[in-house]
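Let's take a walk through this structure together. Have the 3D view ready, and turn it as you read.

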Amino acid sequence: MNATTTLPGKFGAYGGQFVPEVLMPALAELERAYISARDESAFQGELQQLLITYVGRPTPLSLAARLTAHCGGARIYLKREDLAHSGAHKINNALGQALLARRMGKGRIVAETGAGQHGVATATACALLGLRCVVYMGTVDMARQAPNVARMQLLGAEVQVVESGSQTLKDAINEAIRDWVANVKDTHYLLGSALGPHPYPTMVRDFQATIGRETRGQIMAAEGALPETIIACVGGGSNAIGIFHEFIADESIELIGVEAAGAGITSGKHAARFADEDVGRPGVLHGCYTYVMQDADGQIALTHSVSAGLVYAAVGPEHTRLRELQRAFYTHATDNEALHAFQLLCEQEGIIPALESAHAVAEATKRAARMSPESVIIVNLSGRGDKDLDTVLGALREA
Amino acid sequence: MTDPVDLVSGAFTKGRPAFMPYFTLGYPDYERSLQIVQACAAAGADLMELGIPFSDPLADGPTIQHSTQVALANGMTVARCLTAVAELRARGVAIPLMLMGYYNPILAHGEARIAREAAAAGANGFIIPDLPPEEASTLEEHCQRGGLALAYLLAPTSTEARIKLVAQKASGFVYLVSLTGVTGARSELPSALSDFVARARRHVSHPLAVGFGISTLEQAQQVGGLADGVIVGSKLISVAGEANDPVKACGAFARQMVAALKDTDPH
């Protein structure tokens, strides 16, 4: 067979490229650049070197001994993406794409951010590589993630306020795409999750797959066996696909994604695309055919969660495919469950998790109690929670 | 009986560049959006693009974004857009009517169903800015069955291979996006526009209509000197938004545009 020139653009029926014509050539250029970089040892070598010497990889896999004792069941391990430089797994992808942008000769980066973690990661990578950085962020998110706004600005990024629509992640993506459309010649859109038009879902997954590869070696070293269950929160789904990807062929391992149930599924105020048949069904948002929260007329629904990083109306297309194949399963945790898990991890393990990651911890505590002490659960602790202190303290005061 | 797709192409045979306004259905309200379309048709518009509002119009600038938000707040739906087309036909609007909107509401309505209902209502086709030909085979089939045009877009960034692809799949006309950017008024036309139109012309046998960023009579005349049709959207929305009597103001604006294009030699 000839060398690959294009990657599969879909996961089953999901994915694709539903974008304005002006971007189609840019996506083709990005795909070509990614394929050539992926297969080139110099590019991979530079990325690996930075992941080790700058990001601090491999991140540890920690046995959560007191949390395990507290739950009374399966041993719970935490994959510590919260310890990656800039505080979350987002840096793995941001650094990969920033290197790619530099290689493509694009000196200007635009990005969207919800919780601010991807914005911080992008601003970090741009500072490191000397790229101009513009981050779009909704006003609602700027208010609840103020420390991350300050961080991005300190790192030299220009934070653009998004006042359109619901003023959250979806609208920040709209504005980032509009910017990209207007400046496509010299600008790379550094999309932060495994969603959007092809090749983003594949490329972002590949940059995040380092999480799962490290996890395999670490759990084999610690336990001499693979885990029963791997759990990750799912907004767009990049930390989840990053840890799942390595284990998809290990069919005995249960892969569990946790969506944000907000105030509860029946309240209608949530971001659980797979959990609510009234609003979650296949559709197109931001260039991608996947599960989308929408009304009967195809208008995109508003999403709610205490966690800004999980507030997105669509889910990465590979998750939709894994769910269809019943290779991964998707459940949800409410705001209250996430807040409870947040406190639990602080008190039992001395770790302040991101509210996003706390959703995965909540699911782990539920499952661990039902499993035998011989079994192992790995939670992808995708980020740290410093950014969430105001939100959490506010919520606890109200409770 | 004339093929409805030929009716669309027929809009470009008036001996002058066609004037093709875009207007968002449901803005500033349902009834006045219909009256504005009627006023434009009466003023001599050759074809109209009727906007189906969408919550997340990522190819649009602030003016059209605002109009779609107002339309949605007014309760506009895909079904009401189809009713609007039927109503316009009942009121005697005879020019080709193309429905323009983003893909998700069309998908949610059902591709077979919307093609069937649009044809029954008297629409002539669709323009879907986020549906490139690679993803459009299902809708294309339903449009062909319903005798509807599915107009594709080209942009200044389009490669020769993509221009050929669109040339091969074109029906009705080809929509040339004048610039790399979102919709909305600009002070000047992009300098590379004539090269872009010429590049498209080398491969596309269908009429070429140019849109995005055209707001003044002078710009319309310049574009009319290059292309077969001139699309004006955001400016018409602004005219409606700023006037005490939006229907009258839009009609007057359309008359000026048509008159300006009469003085333009076809390319």
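**From a sheet to an interface**

Begin in chain B with helix 12 (residues 246–262), which lies across strand 1 (18–24) and strand 9 (229–232) of that chain, at about 155 degrees to strand 1. Keep in mind that you are looking at a predicted model.

Those two strands belong to an open sheet of 9 strands in chain B, with parallel pairing and the order 5-4-3-2-1-9-8-7-6. At its edges you will find strand 5 (149–151) and strand 6 (153–154) of chain B, each pairing on one side only. For strand 6 of chain B, the parallel pairing with strand 7 (residues 174–177) of chain B runs over 2 bridges. To see a bridge for yourself, look for B:L153, whose partner in strand 7 of chain B is B:Y175.

Now move to chain A for an antiparallel pair. Strand 11 (residues 280–285) and strand 12 (residues 288–293) of chain A are joined over 6 bridges, and A:G280 has A:M293 as its bridge partner. These strands of chain A form a hairpin with 2 residues between them, and A:H286 in the turn has a positive phi of about 50 degrees.

Finally, where do the chains meet? Here 33 residues of chain A are in contact with 35 residues of chain B, and the area buried between the chains is about 2,600 Å², with 54% given by carbon and sulfur atoms. There are 3 salt bridges between chain A and chain B. The side chains of A:K170 and B:D56 form a salt bridge, at 2.8 Å from N to O. On the side of chain A that touches chain B, helix 8 of chain A gives the largest share, 8 residues. By class, that side of chain A has 15 nonpolar, 10 polar and 8 charged residues.

Methods
Residues numbered from 1 in each chain as written. Chains lettered and ligands numbered in written order. Predicted model: local features only at pLDDT ≥ 70, side-chain atom pairs only at ≥ 80, totals over all residues. Heavy atoms only, no water. Pairing = 2+ DSSP bridges. Helix = DSSP H or I, 4+ residues; strand = E, 2+ residues; numbered from the N terminus. Contact = heavy atoms within 4.5 Å. Axes fitted to C-alpha atoms, helices over the stretch in contact; angles between N-to-C directions. Buried area = accessible area lost by both parts, 1.4 Å probe. Salt bridge = Lys/Arg side-chain N within 4 Å of Asp/Glu carboxyl O. Nonpolar A, V, L, I, M, F, W, Y, C, P; charged D, E, K, R; others polar.
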